[in-house]
Amino acid sequence: MLLVLAVVWSLVVGALRWLAAHPWVPVVLLLIAAAAGGVWVRRRREAARWNQVREQGLRYAMPQIDALHHRQFEEAVRDLLRRDGCLDAIRVGGAGDNGADVKATDPFGRLWVIQCKHRKAGLTGSAVGTPDLHVLNGTGRPVHNGDVVVLVTNGRFTDRAVAFARSQRLHLVDRHLLARWAAGSTPLWELLSAVPCPRRPASGS
């Protein structure tokens, strides 16, 4: 151990002496680090700016949505919410998500909890039924404290699912409503009925 410490100390002393004899080296290294940091910050800002531009003009046609993987479908829903002004929209889908695939706070302060059900076959695929809504209803408000609890699908819902959602104040976005939302520029809360009142005024209002 003493031998190792002696070797390390010798190397440190030698490095310090070398740097003292070449004082320009630390200056060059600092300039390189500063330049690299500036490039990194500039690239981050540029990426954020382009992401904002992309989200503001984001549009999806239904064939595009049908071709997505279910994880990509969740990401598309997240991006559409960001386009609408939900800047904190995140995808949380996966194991242990407790029925929430996407969560977001809208400009009015309402927390949105969304479950996504992707159907490769679209309308001809299996309809979303009440079991999925039971899970969402059991976690959307009690677990996630959601103000607006939504199930989004590129397919359709059974009649029983529609009736259950209405009785439990759950919001359904089927293929037809999704097409209007994804292809337009109208926020989702303006396409749904009986959305809870805002918690705060919209930014800039």
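What covers the buried residues of H6? Let us walk up to that helix from the sheet. This is a predicted model, in which local features need pLDDT of at least 70, side-chain atom pairs count only at pLDDT 80 or more, and totals for chains, interfaces and linings use all residues. Residues are numbered from 1 along each chain as its sequence is written, and side-chain values use heavy atoms, with hydrogens and water left out.

Start with the open sheet, where 5 strands follow the order S1-S2-S3-S4-S5 with mixed pairing. Strand S1 (90-91) and strand S5 (171-173) each have a single partner strand, so one side of each is left without a neighbour in the sheet. Here strands (E, at least two residues) and helices (H or I, at least four) are DSSP runs, numbered from the N terminus, and two strands pair if DSSP finds at least two bridges between them. S2 (residues 102-105) and S3 (residues 111-117) run antiparallel, joined by 4 bridges; alanine 104 stands opposite tryptophan 112 in S3.

Now for helix H6 (residues 159-168), whose buried residues are Ala161, Phe164 and Ala165. Down the axis of H6 these fall within an arc of 100° (taken from the directions from the helix axis to the C-beta atoms), so they line one face of the helix. The face turned away from the buried side carries the exposed residues Asp159 and Arg166. Buried means under 20% relative accessible area, exposed over 50%, and partly exposed in between (1.4 Å probe, protein chains only).

Back to the opening question: the cover over the buried residues of H6 includes H5 and S5, where contact means heavy atoms within 4.5 Å. After H6 comes arginine 169, with a positive phi near 60°.
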